[in-house]
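Thanks for coming. I have one model to go through, and I will give the cut-offs as they come up.

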Amino acid sequence: MENNLIKVTVIDREGKSHTLDAPTDMSMNMMEVCKSYELPVEGLCGGMALCASCHMYVLSDHELSVPSEDEENMLDQAFFVKENSRLGCQIKITDDINGLVVELAQV
Amino acid sequence: MIHTDIIIIGAGPVGLFTVFEAGLVKLKCHLVDSLGKPGGQLTEIYPKKPIYDIPGFPTVMAGELVDNLMKQIAPFKPGFTLGERAEKLEKTEDKLYKLTTSKGTEICAPVVAIAGGLGCFEPRKPPIENIEVYEDKGVDYIIRDPEKYRGKKVLVAGGGDSALDWSIILADIADEVALVHRRTSFRGALDSVEKVMDLAKSGKIHLITNAQAVGLTGNGILKEIIIEEDGKENYTYRADHFIPLFGLSPKLGPMAEWGLDIKDNAFIVDTVDYSTNLPGIYAIGDINTYPGKLKLILCGFHEGTLMVQSAFKYIHPDQKLSFKYTTVAGVNGFD
C-alpha cells in the first residue's frame, strides 16, 4: 500500500458513496475516518464502544475481528441492528481492510 | 429561590473543577444536573475506565477522578440540584438570570456557566413509528414506581442490567412479565442473568429472544405490541405496559432554545473567556465549540479557569482582580 494508505468506501444515509483514503499508521478506526472526512458520524463517546452513534453495516466480505463483548453489548442498545452491524470505532484501519465497504446505519 | 454567583449547568468534571476556580476568587456556585449523581459522563458512562491524560496522574479511574474533584471543591461549599434538568432560562428585572429546572426549582445568579458535556441524558427511544402516541398511555421509558404495574401485563424490552433487574422486580408485582431481547444471550450482572433464566424456567417471566418490538396498537391506550421474531411471522403480544429500557443518550434538549449560537450541537464561544453570544452566559467543556476545539477534560479545566476570571469582572466591574497562586495564598474555603 502506497504511503500507508488504504481505500475504504462509506455509503451515507442518503445512499451517496464516498471512497476515502485511510492511513494505516495512525491507529485510526472507521468512526474517526468518517469524522475526519466530515461524514455524519457522531462518535459521541470518543471510540470506547459506549454509545453506538457510529453504528454501520459492513457490506463487503472482509473478515473483520470478532466483536468484543463491549461492542456486542452496545449493539444491544442500538436500533436497526442487523447481522452485519458493527460499531465503526471498533473497526481498526489496517491493510487487511483495504477496499472495505460500509453503510451508515440510521440514527 | 436559590441565590448564587454562578449557576453551573452540568456536574461533570469541568463543572466541578470550575467551583474550585470560582472559589479562589470568592464566587459561589450552584450546580444543576439531570443525572442523580455528580460526575457526568465519567459517572454515567465509564466510571471504571482509566484516564491517562490528566496531568500529574499517570492513570486515574474516571470514578476516582470525580471523587477527588468533589473533595477538592468541598471547601467552597457548592450547592447541588441533582436529578433535575435545566429547563428554562430567563432574565429577571434586576439583570440576573433565573434558571428553572424540570421539577420547578428556581436558581438566580448574575452568571450562568453551561458545562453540559454532551447534553442531558435521556432514555433512548426505540424507533417505533407511533411510540410517542402511547407515551404515558402504556409506554414508559423510566420506572418510577413499580407498584403502578401491580396486576398488569407488562412487556419489557432490552438486554442490559436495567431490563434484567426490572423484569426480576416486576415478576413479583405484575400479573404477567415478558422480556423481549434482540439476542439469546444477555449482558449485565451474572446473577441477574441467572435469576431471569430461573424465573423464565418457572414461568414467571416469559422470555422472547431473537426478537424486537416493531409496532404498537391500541385505541389511544396501549393494547398490543407487534413482535418481530426470527423465523416467525410478526405477531402481537397483549400487554398493558411496554417498557423499553435501552439506556440513556445525551441530547442538547431545552438549552437549544435559549437563544445561544449553536454549531454542530455545541455552543459557539469566544476563546478569550469562553463567553457565548449572550452576556453573562459562558459555555465550557465538551458543550462548546471554537476553532481548534478538543473535547478533553484537560481543556475543559483550562476553559473553566479562564471563564471564572471573566465572570468575576462581569459581576464586579469596579473591582480589581488580583490573581493569586494557591501555593502562596492557600485555599481559603467559605464558612
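F267(B) stands opposite N288(B), which belongs to strand 23 of chain B. A strand here is a DSSP run of E with at least two residues, a helix is a run of H or I with at least four residues, and both are numbered from the N terminus. Strand 21, residues 266-268 of chain B, pairs with strand 23 of chain B in the parallel sense over two bridges. Two strands are called paired if DSSP finds at least two bridges between them. In chain B, three strands make an open sheet in the order 20-21-23, with mixed pairing. Strand 20 (262-263) and strand 23 (288-289) of chain B are at the edges with a single partner strand each, so one side of each has no neighbour in the sheet.

Before I go on, the ground rules. This is a predicted model, in which local features need pLDDT of at least 70 and side-chain atom pairs count only at pLDDT 80 or more, while totals for chains, interfaces and linings use all residues. Residues are numbered from 1 along each chain as its sequence is written, and chains are lettered from A and ligands numbered from 1 in the order in which they are written. The model has ipTM 0.72 and pTM 0.79. In chain B the mean pLDDT is 94, and 100% of the residues reach 70 or more; pLDDT is the predictor's confidence in each residue, from 0 to 100.

Now chain B as a whole. It contains seven helices and 23 strands. Its C-alpha atoms fill a box of roughly 75 × 45 × 40 Å along the principal axes. Of the 335 residues in chain B, 39% are buried. Buried means that 20 or more other C-beta atoms lie within 10 Å of the residue's own, exposed means 12 or fewer, and partly exposed is in between, with C-beta atoms placed from the backbone. If we take contacts in chain B between residues at least 6 apart in sequence, 62% join residues at least 24 apart. A contact means that the two C-beta atoms, placed from the backbone, lie within 7 Å.

K98(B) is in strand 8 (residues 97-101) of chain B. Is K98(B) buried or partly exposed? It counts as partly exposed because it has 16 C-beta neighbours inside 10 Å. Beyond four places in sequence, K98(B) contacts E90(B), T92(B), E106(B) and C108(B). K95(B) lies in the loop between strand 7 (86-91) and strand 8 of chain B. K95(B) has a positive phi of about 60° although it is not a glycine. Most residues other than glycine have a negative phi. With 9 C-beta neighbours inside 10 Å, K95(B) counts as exposed.

Last, chain A. It has two helices and five strands, running β-β-α-β-α-β-β from the N terminus. Buried residues are 36% of the 107 in chain A. In the loop between helix 1 (30-36) and strand 3 (55-58) of chain A sits E38(A), whose phi is near 60°, a positive value in a residue other than glycine. E38(A) counts as exposed, with 8 C-beta neighbours inside 10 Å.
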